Amino acid sequence: TTWSVAVAPVDLEEGTVTFLTFEDISAKEEAGQMRRDFVANVSHELRTPLTALLGFIETLAGAARNDPEAQARFLGIMRREAERMSRLVQDLLSLSRVEQDERVRPTERVDLRAIIEGSASALEPFSEEVGSTIDLQLPEDPVLLPGDADQLRQVFVNLIENGLKYGKDGGCVTVRLTTSDRDPSLRGPGARVDVIDDGEGIDHFHIARLTERFYRVDSHRSREMGGTGLGLAIVKHIVNRHRGRLRISSEKGEGSRFSVILPLTF
Ligand code: ADP
(Lines give C-alpha, C1' and ligand atoms only; values in the text may rest on other atoms or scores of the structure.)
Protein backbone atom coordinates (compact mmCIF):
# COMPACT_ATOMS: atom_id res chain seq x y z
CA THR A 1 0.00 0.00 0.00
CA THR A 2 1.23 3.50 -0.81
CA TRP A 3 0.21 6.34 1.48
CA SER A 4 0.26 10.01 0.72
CA VAL A 5 0.65 12.14 3.84
CA ALA A 6 -0.33 15.81 3.88
CA VAL A 7 0.97 17.97 6.75
CA ALA A 8 -1.09 21.04 7.59
CA PRO A 9 -0.07 23.18 10.57
CA VAL A 10 -2.86 25.43 11.79
CA ASP A 11 -2.13 28.33 14.13
CA LEU A 12 -4.68 28.67 16.91
CA GLU A 13 -4.67 30.99 19.91
CA GLU A 14 -3.64 28.09 22.14
CA GLY A 15 -0.71 27.22 19.91
CA THR A 16 -0.14 25.36 16.68
CA VAL A 17 -2.02 22.18 15.83
CA THR A 18 -0.66 20.04 13.04
CA PHE A 19 -3.08 17.96 11.03
CA LEU A 20 -1.79 14.90 9.25
CA THR A 21 -4.02 13.58 6.47
CA PHE A 22 -3.37 10.08 5.22
CA GLU A 23 -4.62 8.96 1.86
CA ASP A 24 -4.25 5.51 0.34
CA ILE A 25 -3.05 6.27 -3.19
CA SER A 26 -2.23 2.70 -4.27
CA ALA A 27 -5.07 2.66 -6.81
CA LYS A 28 -4.00 6.03 -8.25
CA GLU A 29 -0.39 4.88 -8.48
CA GLU A 30 -1.46 1.71 -10.21
CA ALA A 31 -3.61 3.66 -12.69
CA GLY A 32 -0.67 5.97 -13.38
CA GLN A 33 1.63 2.99 -13.95
CA MET A 34 -0.91 1.36 -16.27
CA ARG A 35 -1.17 4.55 -18.29
CA ARG A 36 2.60 4.77 -18.61
CA ASP A 37 2.82 1.10 -19.65
CA PHE A 38 0.07 1.64 -22.20
CA VAL A 39 1.78 4.64 -23.78
CA ALA A 40 5.07 2.72 -23.86
CA ASN A 41 3.36 -0.25 -25.53
CA VAL A 42 1.60 1.88 -28.13
CA SER A 43 4.83 3.71 -28.93
CA HIS A 44 6.68 0.45 -29.31
CA GLU A 45 3.97 -1.10 -31.49
CA LEU A 46 3.95 1.93 -33.79
CA ARG A 47 7.70 2.37 -33.87
CA THR A 48 8.40 -1.11 -35.24
CA PRO A 49 6.47 -0.75 -38.51
CA LEU A 50 7.48 2.90 -38.79
CA THR A 51 11.17 2.00 -38.59
CA ALA A 52 10.68 -0.62 -41.27
CA LEU A 53 8.86 1.88 -43.51
CA LEU A 54 11.56 4.52 -43.13
CA GLY A 55 14.25 1.95 -43.87
CA PHE A 56 12.54 0.81 -47.06
CA ILE A 57 11.95 4.38 -48.20
CA GLU A 58 15.69 5.01 -47.83
CA THR A 59 16.45 1.88 -49.82
CA LEU A 60 13.95 2.72 -52.56
CA ALA A 61 15.40 6.21 -52.89
CA GLY A 62 18.97 4.88 -52.88
CA ALA A 63 20.29 1.39 -53.55
CA ALA A 64 17.11 0.01 -55.16
CA ARG A 65 16.48 3.07 -57.33
CA ASN A 66 17.10 1.19 -60.56
CA ASP A 67 15.96 -2.25 -59.51
CA PRO A 68 12.27 -2.74 -60.38
CA GLU A 69 12.17 -6.25 -58.95
CA ALA A 70 13.45 -5.14 -55.54
CA GLN A 71 11.12 -2.14 -55.68
CA ALA A 72 8.07 -4.37 -56.15
CA ARG A 73 9.12 -6.60 -53.27
CA PHE A 74 9.84 -3.70 -50.92
CA LEU A 75 6.56 -1.99 -51.79
CA GLY A 76 4.75 -5.20 -50.84
CA ILE A 77 6.43 -5.22 -47.44
CA MET A 78 5.73 -1.51 -46.99
CA ARG A 79 2.05 -2.07 -47.70
CA ARG A 80 1.90 -4.82 -45.04
CA GLU A 81 3.61 -2.62 -42.47
CA ALA A 82 1.32 0.33 -43.24
CA GLU A 83 -1.69 -1.99 -42.93
CA ARG A 84 -0.42 -3.15 -39.57
CA MET A 85 -0.23 0.46 -38.37
CA SER A 86 -3.67 1.15 -39.69
CA ARG A 87 -5.14 -1.88 -37.86
CA LEU A 88 -3.44 -0.80 -34.67
CA VAL A 89 -4.82 2.74 -34.90
CA GLN A 90 -8.30 1.37 -35.67
CA ASP A 91 -8.18 -0.97 -32.66
CA LEU A 92 -6.91 1.83 -30.42
CA LEU A 93 -9.84 4.00 -31.50
CA SER A 94 -12.31 1.13 -30.91
CA LEU A 95 -10.82 0.47 -27.50
CA SER A 96 -11.06 4.09 -26.41
CA ARG A 97 -14.63 4.30 -27.73
CA VAL A 98 -15.80 1.17 -25.91
CA GLU A 99 -14.11 2.30 -22.71
CA GLN A 100 -15.99 5.58 -22.96
CA ASP A 101 -19.29 3.80 -23.63
CA GLU A 102 -18.91 1.34 -20.82
CA ARG A 103 -20.89 3.45 -18.37
CA VAL A 104 -23.92 3.68 -20.65
CA ARG A 105 -25.96 0.52 -20.82
CA PRO A 106 -27.34 -0.25 -24.30
CA THR A 107 -31.13 -0.33 -24.58
CA GLU A 108 -31.71 -1.04 -28.26
CA ARG A 109 -33.47 -4.35 -29.01
CA VAL A 110 -31.13 -6.48 -31.13
CA ASP A 111 -31.25 -10.02 -32.51
CA LEU A 112 -28.16 -11.90 -31.34
CA ARG A 113 -28.74 -14.71 -33.81
CA ALA A 114 -28.62 -12.30 -36.78
CA ILE A 115 -25.54 -10.58 -35.31
CA ILE A 116 -23.68 -13.89 -35.08
CA GLU A 117 -24.69 -14.83 -38.62
CA GLY A 118 -23.38 -11.46 -39.80
CA SER A 119 -20.07 -11.86 -37.95
CA ALA A 120 -19.55 -15.33 -39.37
CA SER A 121 -20.28 -14.29 -42.94
CA ALA A 122 -17.90 -11.34 -42.64
CA LEU A 123 -15.18 -13.90 -41.82
CA GLU A 124 -16.06 -16.26 -44.68
CA PRO A 125 -13.17 -15.00 -46.88
CA PHE A 126 -10.66 -15.36 -44.03
CA SER A 127 -11.85 -18.87 -43.16
CA GLU A 128 -11.39 -19.84 -46.80
CA GLU A 129 -7.91 -18.36 -46.75
CA VAL A 130 -6.88 -20.58 -43.82
CA GLY A 131 -8.86 -23.54 -45.15
CA SER A 132 -11.04 -23.79 -42.03
CA THR A 133 -14.79 -23.92 -41.60
CA ILE A 134 -17.18 -22.12 -39.26
CA ASP A 135 -19.87 -24.40 -37.86
CA LEU A 136 -22.84 -22.26 -36.81
CA GLN A 137 -25.24 -23.87 -34.35
CA LEU A 138 -28.09 -21.42 -33.93
CA PRO A 139 -31.61 -21.67 -32.54
CA GLU A 140 -34.59 -21.51 -34.91
CA ASP A 141 -35.94 -18.26 -33.53
CA PRO A 142 -34.37 -14.83 -33.14
CA VAL A 143 -32.76 -14.13 -29.76
CA LEU A 144 -33.70 -10.61 -28.68
CA LEU A 145 -31.78 -8.74 -26.02
CA PRO A 146 -30.76 -5.19 -25.13
CA GLY A 147 -27.54 -4.48 -26.95
CA ASP A 148 -25.39 -2.44 -29.26
CA ALA A 149 -25.44 -4.32 -32.56
CA ASP A 150 -22.15 -2.94 -33.94
CA GLN A 151 -20.28 -3.65 -30.74
CA LEU A 152 -21.68 -7.16 -30.33
CA ARG A 153 -20.78 -7.87 -33.92
CA GLN A 154 -17.23 -6.79 -33.11
CA VAL A 155 -17.16 -9.20 -30.14
CA PHE A 156 -18.02 -12.19 -32.31
CA VAL A 157 -15.83 -11.13 -35.21
CA ASN A 158 -12.87 -10.92 -32.81
CA LEU A 159 -13.61 -14.26 -31.14
CA ILE A 160 -14.30 -16.19 -34.35
CA GLU A 161 -11.29 -14.59 -36.04
CA ASN A 162 -9.09 -15.68 -33.12
CA GLY A 163 -10.51 -19.19 -33.39
CA LEU A 164 -9.54 -19.24 -37.05
CA LYS A 165 -6.12 -17.65 -36.41
CA TYR A 166 -5.07 -19.81 -33.49
CA GLY A 167 -7.01 -22.94 -34.45
CA LYS A 168 -5.69 -25.68 -36.69
CA ASP A 169 -5.25 -24.81 -40.35
CA GLY A 170 -8.00 -26.71 -42.08
CA GLY A 171 -9.79 -27.00 -38.75
CA CYS A 172 -13.21 -25.95 -37.56
CA VAL A 173 -14.51 -23.17 -35.33
CA THR A 174 -17.85 -23.98 -33.72
CA VAL A 175 -20.16 -21.12 -32.77
CA ARG A 176 -23.10 -22.19 -30.63
CA LEU A 177 -25.87 -19.94 -29.38
CA THR A 178 -28.15 -21.16 -26.60
CA THR A 179 -30.52 -19.45 -24.19
CA SER A 180 -31.61 -20.25 -20.69
CA ASP A 181 -34.27 -18.94 -18.31
CA ARG A 182 -31.80 -18.85 -15.50
CA ASP A 183 -28.15 -18.69 -16.42
CA PRO A 184 -26.04 -19.71 -13.41
CA SER A 185 -23.54 -16.86 -13.82
CA LEU A 186 -26.20 -14.17 -14.33
CA ARG A 187 -28.85 -15.57 -11.96
CA GLY A 188 -31.41 -14.63 -14.58
CA PRO A 189 -32.38 -15.26 -18.19
CA GLY A 190 -29.35 -15.25 -20.46
CA ALA A 191 -28.00 -16.00 -23.91
CA ARG A 192 -24.76 -17.89 -24.16
CA VAL A 193 -22.44 -17.94 -27.14
CA ASP A 194 -19.62 -20.48 -27.18
CA VAL A 195 -16.83 -20.02 -29.69
CA ILE A 196 -14.84 -23.24 -29.71
CA ASP A 197 -11.69 -23.96 -31.69
CA ASP A 198 -9.50 -26.99 -32.21
CA GLY A 199 -6.15 -25.19 -31.81
CA GLU A 200 -3.34 -25.95 -29.43
CA GLY A 201 -5.08 -24.38 -26.47
CA ILE A 202 -3.80 -21.89 -23.90
CA ASP A 203 -1.89 -22.58 -20.68
CA HIS A 204 -3.89 -21.83 -17.53
CA PHE A 205 -1.19 -19.44 -16.50
CA HIS A 206 -2.00 -17.12 -19.45
CA ILE A 207 -5.79 -17.31 -19.37
CA ALA A 208 -6.35 -14.73 -16.62
CA ARG A 209 -4.23 -12.18 -18.49
CA LEU A 210 -5.54 -12.61 -22.05
CA THR A 211 -7.88 -9.63 -21.90
CA GLU A 212 -5.09 -7.22 -20.89
CA ARG A 213 -4.16 -4.80 -23.63
CA PHE A 214 -1.22 -6.06 -25.70
CA TYR A 215 -0.98 -9.33 -23.77
CA ARG A 216 -0.03 -12.11 -26.16
CA VAL A 217 0.91 -15.70 -25.48
CA ASP A 218 3.11 -15.87 -28.54
CA SER A 219 3.94 -12.40 -29.88
CA HIS A 220 5.59 -13.73 -32.99
CA ARG A 221 2.53 -15.79 -33.96
CA SER A 222 0.17 -12.92 -33.18
CA ARG A 223 2.12 -10.43 -35.30
CA GLU A 224 2.51 -12.91 -38.12
CA MET A 225 -1.27 -13.31 -38.18
CA GLY A 226 -1.70 -9.53 -38.20
CA GLY A 227 -2.85 -9.34 -34.56
CA THR A 228 -2.69 -6.13 -32.56
CA GLY A 229 -3.01 -7.68 -29.09
CA LEU A 230 -6.10 -5.52 -28.44
CA GLY A 231 -8.91 -7.78 -29.67
CA LEU A 232 -9.77 -9.43 -26.38
CA ALA A 233 -9.42 -6.18 -24.41
CA ILE A 234 -12.07 -4.70 -26.72
CA VAL A 235 -14.25 -7.81 -26.23
CA LYS A 236 -13.99 -7.51 -22.45
CA HIS A 237 -15.13 -3.88 -22.38
CA ILE A 238 -18.08 -4.54 -24.69
CA VAL A 239 -19.19 -7.54 -22.63
CA ASN A 240 -18.90 -5.46 -19.44
CA ARG A 241 -21.00 -2.73 -21.01
CA HIS A 242 -23.72 -5.31 -21.66
CA ARG A 243 -23.47 -6.51 -18.03
CA GLY A 244 -22.40 -9.87 -19.41
CA ARG A 245 -19.65 -12.34 -18.61
CA LEU A 246 -16.70 -13.63 -20.59
CA ARG A 247 -15.48 -17.10 -19.69
CA ILE A 248 -12.36 -18.64 -21.16
CA SER A 249 -11.51 -22.29 -20.77
CA SER A 250 -8.85 -24.31 -22.48
CA GLU A 251 -6.95 -27.55 -22.30
CA LYS A 252 -3.44 -27.59 -23.72
CA GLY A 253 -3.56 -29.54 -26.97
CA GLU A 254 -7.34 -29.62 -27.11
CA GLY A 255 -8.41 -26.18 -28.21
CA SER A 256 -10.08 -23.29 -26.42
CA ARG A 257 -13.57 -22.13 -25.63
CA PHE A 258 -14.53 -18.48 -25.29
CA SER A 259 -18.04 -18.05 -23.89
CA VAL A 260 -19.99 -14.81 -23.84
CA ILE A 261 -23.03 -14.75 -21.58
CA LEU A 262 -25.45 -11.85 -21.98
CA PRO A 263 -28.57 -10.93 -20.00
CA LEU A 264 -31.82 -11.21 -21.95
CA THR A 265 -33.79 -8.86 -19.75
CA PHE A 266 -34.56 -5.33 -20.84
P1 ADP B 1 -4.20 -10.70 -31.06
O2 ADP B 1 -4.40 -9.53 -31.94
O3 ADP B 1 -2.77 -10.92 -30.67
O4 ADP B 1 -4.87 -11.93 -31.56
P5 ADP B 1 -6.12 -10.73 -28.85
O6 ADP B 1 -6.36 -9.71 -27.80
O7 ADP B 1 -7.27 -11.07 -29.74
O8 ADP B 1 -4.87 -10.24 -29.68
O9 ADP B 1 -5.64 -12.06 -28.15
C10 ADP B 1 -4.57 -11.98 -27.22
C11 ADP B 1 -3.76 -13.26 -27.23
O12 ADP B 1 -4.55 -14.35 -26.74
C13 ADP B 1 -3.30 -13.71 -28.62
O14 ADP B 1 -2.10 -13.09 -28.99
C15 ADP B 1 -3.14 -15.20 -28.43
O16 ADP B 1 -1.86 -15.47 -27.87
C17 ADP B 1 -4.19 -15.56 -27.39
N18 ADP B 1 -5.42 -16.13 -27.98
C19 ADP B 1 -6.56 -15.47 -28.28
N20 ADP B 1 -7.49 -16.30 -28.79
C21 ADP B 1 -6.93 -17.53 -28.79
C22 ADP B 1 -7.38 -18.84 -29.20
N23 ADP B 1 -8.60 -19.03 -29.70
N24 ADP B 1 -6.52 -19.88 -29.05
C25 ADP B 1 -5.28 -19.69 -28.55
N26 ADP B 1 -4.79 -18.50 -28.16
C27 ADP B 1 -5.60 -17.42 -28.28
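1. The shell around the ligand is made up of eight nonpolar, seven polar and four charged residues. Here Ala, Val, Leu, Ile, Met, Phe, Trp, Tyr, Cys and Pro count as nonpolar, Asp, Glu, Lys and Arg as charged, and the others, Gly among them, as polar. The model is predicted: local features need pLDDT of at least 70, side-chain atom pairs count only at pLDDT 80 or more, and totals for chains, interfaces and linings use all residues. Residues are numbered from 1 along each chain as its sequence is written, and side-chain values use heavy atoms, with hydrogens and water left out.

2. Y166, D197, S222, T228 and L232 come nearest of the 19 residues around the ligand (a residue is near if one of its heavy atoms lies within 4 Å).

3. Helices (H or I, at least four residues) and strands (E, at least two) are DSSP runs, numbered from the N terminus. At least two shell residues come from each of α5 (149-166), α8 (231-241) and β9 (256-263). With three residues, α5 gives the most.

4. For Y166 the distance is 2.7 Å, for N162 2.9 Å, and for K165 3.1 Å. On its own the ligand has 530 Å² of accessible area, of which the protein covers 96% (Shrake-Rupley method, 1.4 Å probe).

5. Two aromatic pairs are counted (rings of Phe, Tyr and Trp, its six-membered ring, with centres within 6.5 Å; planes under 30 degrees apart are stacked, over 60 edge-to-face, the rest tilted). One of them, F38 with F214, is tilted, at 6.0 Å centre to centre and 35 degrees between the planes. F38 lies in helix α1 (residues 26-61) and F214 in the loop between α6 (204-207) and α7 (219-224), 176 residues apart.

How values were computed:
A polar contact is a pair of N or O atoms within 3.5 Å; within protein, one must be able to donate a hydrogen and the other to accept it, and residues adjacent in sequence count only if both atoms are side-chain atoms.
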